[in-house]
Amino acid sequence: MKKIFQWSYIAPAIAWVFYLVLPIGTGFVVNSLAVVALIAGVFSAVHHAEVVAHKVGEPYGTIILAVAVTLLEASIIVSLMLTGGVGADTYARDTLFAAVMLILNGILGISMFVGALKFKEQSFETKSVTIALVSLVSILVLTLVLPNFTTSIAGPSYSTPQLIAIGVCCLVIYGSFIFTQTIRHRKYFLAEVSGQEKDVTRSEALTSLGFLLVCLGVVIFLAKNLSPVIESGIIAAGLPTALVGVAIAAVILLPEGIAAIRAARRGQYQTSINLALGSALASIGLSIPTVVIVCTIMDLPLILGLGMKSMVLLVLSVFTVMLSLNKGQTNGLYAIVLLVNLMMYIFTIVFP
């Protein structure tokens, strides 16, 4: 009974009350309380994700967090597309591209940098990286690059048959990756255990799983409600509205980002990789089929192809990650290069 009154259980409940009661966007104090509630929800989500991970073991713990975040992210993308408005046809593309750039350069880079400060180098299984990157590169090219070069219809879009085929391809690749990660070659994705983790009972794990979904839900919905506030602030500062998608994607990815950084501080960079690359794969592999279904049924326009500048940055990011992770050990220089890539991605949004 005492555990119900711990901060990790109280925080999401309070956050949901704030979301349901507070008129977000009506004033500085209200917006500040919403941000505090959002941050509390993020830290609570990370705590419950780690409890679940300790019980089910790797890589199942990281998969649960990645899939839960992605499903909620996909629901937000679909809801915003259904509301229409300017830019609705590119919302899925812009959000997923921002998420991939933040994951590859931000989450991997910061985790690597934090680990380098404490351990100088950390080891991981290169076979797990190869499996994840082969899957990720294929999905990224099929969804965000190939639409620019098809000729069935004009523009960086797919025709309906092509869109359905791409949705199926994403599901097949992601499903195959999950099978490989959890069954066929699970040993490649296992992180070293420090031996300091306390035992977690089944009831505690189930409770934390429930609260994890509660936390992620309030984080996503608070982020959605705060997006007009963020957009207004960005416009008032004279910055491009494209930064709104980056800001929202950053908030959505906070639980996974913090979990990955904490794993790196414990010397478990394999867990950081599982979280980052697994999240990138889930973001595309699950969100695109969801969007395809909605757009096909509702006959909504959908633009997936990236512009030339974005494709260059995507290729640079993927290529840098491949080189950084091909030796099985982290390095402080690799971390700095990844973070520079992230900085230039954001910089070229502000100064295109």
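Trainee: How many helices and how many strands does the secondary structure of the protein come to?

Mentor: Before counting, note that this is a predicted model, where local features need pLDDT of at least 70, side-chain atom pairs count only at pLDDT 80 or more, and totals for chains, interfaces and linings use all residues. Residues are numbered from 1 along each chain as its sequence is written, and side-chain values use heavy atoms, with hydrogens and water left out. Helices (H or I, at least four residues) and strands (E, at least two) are DSSP runs, numbered from the N terminus. Here you get 12 helices and zero strands.

Trainee: What radius of gyration does the protein have, and what would a compact globule have?

Mentor: The radius is taken over C-alpha atoms, and the globule rule is 2.2 Å times the number of residues to the power 0.38. With 352 residues, that rule gives a value near 20 Å, and the protein has 20 Å, so the two agree. Along the principal axes, the C-alpha atoms fill a box of roughly 60 × 50 × 40 Å.

Trainee: How do I read two packed helices?

Mentor: You describe them by the angle between their axes and the distance between the axes. Axes are lines fitted to C-alpha atoms, for helices over the stretch in contact, and angles run from 0 to 180 degrees between N-to-C directions. Take H4 (residues 91-119) and H9 (residues 254-265): their angle is about 25°, with the axes 8 Å apart. That makes H4 roughly parallel to H9 (under 35 degrees; over 145 is roughly antiparallel, 65 to 115 roughly perpendicular, the rest oblique).

Trainee: Which residues in H4 and H9 meet?

Mentor: Contact means heavy atoms within 4.5 Å. On the H4 side they include Ile107, Val114 and Phe119, and on the H9 side Gly257, Ala260 and Arg265 are among them.

Trainee: At what angle do H4 and H12 pack?

Mentor: H4 and H12 (residues 332-350) pack at about 150°, with their axes 8 Å apart. So H4 is roughly antiparallel to H12.

Trainee: Is Ser135 buried or exposed?

Mentor: Buried means under 20% relative accessible area, exposed over 50%, partly exposed in between (1.4 Å probe, protein chains only). Ser135 lies in H5 (residues 126-145) and is buried, at 11%. Leaving out residues up to four places away in sequence, Ser135 touches Ile173, Phe177 and Leu281. Across the protein, 51% of the 352 residues count as buried.
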